[in-house]
Structure formats: structure tokens, C-alpha cells
Amino acid sequence: MESTGIEKKFVDALVEAERSWQSAEHVVKVIMPVVKDQKLLLRALETLHKGAVLTVSTILKYEYLFKHITLYKDSDKNLDTFFKKCAPKYGLSIEEKELLKKLIVFGKKHKESGFEFSRVGKMVILDDDLTTIEVNRQTIDDFILILRKLLANTRNIFVRMRKHE
């Protein structure tokens with residue numbers, strides 16, 4: 001098995017995911033206070049969603065490679081596998097798993113939404129079934145923290161696993 005090429009792909013994916021939370025943090029901490037445009041919350045959400053999906057996907061591929069899990073053609077089944085089997089191994093508490101699920105759902109709803117509007121201090125995403133999802137600065141800050149933690153834990157586990165090879 002050509003491990004260096006595979007390892008490089010895993011590392012590259014994690015570096016890109018790392019950039020996602022850094023970019024989102026820059027948007028909410030540096031740009032938003034100056035520009036004062038609530039739509040930037042959605043930019044940050046998009047970036048964090050991309051980073052979360054990339055991180056979860058990388059973990060699933062890594063665990064599959066070492067035969068710890070089974071992957072399916074159905075992405076929902078794979079996501080379920082991640083939350084049941086991988087998330088605890090990667091140090092996520094029940095609350096953190098719920099927050100990560102929320103990030104993934106919010107990002108998906110934002111992509112699919114045809115109507116979004118701003119309110120004071122927040123953005124509102126209107127779903128197809130007319131339910132609303134509110135995204136504010138605190139929501140984004142929470143998403144940044146969970147993605148940072150997942151990435152840090154992932155790096156630590158990948159390093160530990162590599163030492164045991």
C-alpha cells in the first residue's frame with residue numbers, strides 16, 4: 001500500500017478544513033464589525049459547512065482504510081456511521097455531536113433555501129416547509145469551536161495511529 005500518497009491526501013484535506021474555520025473566524029471577528037452586513041454570517045456558515053463535511057469525510061475514509069467501519073453508497077448512512085462510531089472515538093460529547101449535526105443541517109438548508117433575510121444581529125433561512133432557521137454570531141462562534149475541536153482531535157488521533165504502524 002502506497003501510504004505516503006494516501007497520508008498526503010488526508011493531511012491536505014485537514015489543512016483545507018483548518019482554513020475553513022480560520023476563514024469563518026476572520027469573517028465574523030474582523031470583517032463583520034467593519035462592514036456590519038449580516039449576510040456575512042451566511043458566508044461564514046458556508047465555509048464552516050464545507051470544512052465540517054470535509055473533516056467528516058476524511059475521518060470516514062481514514063477509518064474505512066483501517067477497516068474500523070463500513071462505508072455505504074448512501075451519504076446519510078455514512079453520516080450516521082460517523083456519529084455512532086467515529087464521533088465518540090474522536091472525542092465529541094453528546095452535546096458536541098448535536099452541534100456538529102446542527103452545523104451540517106444548517107449548511108445544507110442554506111444551500112437548498114430559496115429565501116433568506118436579515119434581522120437585527122442575525123440571518124433567517126426559510127426552509128421549503130416554511131420553518132425558519134436563525135443564524136447569529138453566537139451560532140457561528142459555536143460552530144467554529146466544534147470544528148476546531150474535531151480537527152485538533154483528528155490530528156492527534158492520526159499522529160497516534162501513525163506511530164503505531
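This is a predicted model: local features need pLDDT of at least 70, side-chain atom pairs count only at pLDDT 80 or more; totals for chains, interfaces and linings use all residues.

Reader: How far apart are the mean positions of the positive and negative charges?

Author: The protein carries 30 positive and 24 negative charges.

Reader: In what order do the helices and strands run from the N terminus?

Author: The protein has five helices and three strands. Read from the N terminus, the order is α-α-α-α-β-β-β-α.

Reader: What does the globule rule give for 165 residues, and what is the radius of gyration of the protein?

Author: For 165 residues the globule rule gives 15 Å. The protein is close to that value, so it is as compact as a globular protein of that length. Its C-alpha trace spans about 55 × 35 × 25 Å along the principal axes. The radius of gyration is 17 Å.

Reader: What percentage of the contacts with a separation of 6 or more comes from residues 24 or more positions apart?

Author: Of the 165 residues, 41% count as buried. Among contacts with a separation of 6 or more, the part from residues 24 or more positions apart is 66%.

Reader: Is Ser20 buried or exposed?

Author: Ser20 lies in helix 1, residues 3-35. Leaving out residues up to four places away in sequence, it touches Thr47, Leu48, Lys50 and Gly51. The relative accessibility of Ser20 is 5%, and buried means under 20%. Ser20 is therefore buried.

Reader: What span should the 27 residues of helix 2 have, and how far apart are its end C-alpha atoms?

Author: Helix 2 covers residues 39-65. At 1.5 Å a residue, it should span 39 Å. That agrees with the distance between its end C-alpha atoms, which is 39 Å.

Reader: Which residue just after helix 2 takes a positive phi?

Author: Most residues other than glycine have a negative phi. Just after helix 2 there is a residue with a positive phi of about 60 degrees. The residue is found in the loop between helix 2 and helix 3, and its relative accessible area of 71% makes it exposed. It is Lys67.

Reader: Where is Leu130, and what is its phi?

Author: Leu130 is in the loop between strand 2 (122-126) and strand 3 (132-136). With 64% relative accessibility, it counts as exposed. From Leu130 to Phe115 the C-alpha distance is 9.8 Å, at 15 residues apart in sequence. Phi of Leu130 is positive, in a residue other than glycine, and lies near 65 degrees.

Reader: How far apart in space are Ser75 and Ser57?

Author: Ser75 is in helix 3, where it is exposed with a relative accessible area of 52%. Ser75 and Ser57 are 18 residues apart in sequence. From C-alpha to C-alpha, the distance is 9.7 Å.

Reader: How far is Lys84 from Lys39 in space?

Author: Lys84 also belongs to helix 3, residues 75-89. Its relative accessibility of 61% places it among the exposed residues. Lys84 and Lys39 are 45 residues apart in sequence. Their C-alpha atoms are separated by 34 Å.

Reader: Is Glu95 buried or exposed?

Author: Glu95 sits in helix 4, residues 94-112. Its C-alpha is 27 Å from that of Arg119, 24 residues apart in sequence. The relative accessibility of Glu95 is 61%, and the cut-off for exposed is over 50%. Glu95 is therefore exposed.

Reader: Which residues is Asn153 in contact with, leaving aside its neighbours within four places in sequence?

Author: Asn153 is in helix 5, residues 137-163. It counts as buried, at 18% relative accessibility, where the limit is under 20%. With its neighbours within four places in sequence left aside, the contacts of Asn153 are Tyr90 and Gly91.

Terms used. Residues are numbered from 1 along each chain as its sequence is written. Side-chain values use heavy atoms; hydrogens and water are left out. Helices (H or I, at least four residues) and strands (E, at least two) are DSSP runs, numbered from the N terminus. The radius of gyration is taken over C-alpha atoms; the globule rule is 2.2 Å times the number of residues to the power 0.38. Buried means under 20% relative accessible area, exposed over 50%, partly exposed in between (1.4 Å probe, protein chains only). Contact means heavy atoms within 4.5 Å. Lys and Arg count as positive and Asp and Glu as negative; His and the chain ends are not counted. The place of a charge is taken as NZ of Lys, CZ of Arg, CG of Asp or CD of Glu. The expected span of a helix is 1.5 Å times one less than its number of residues.
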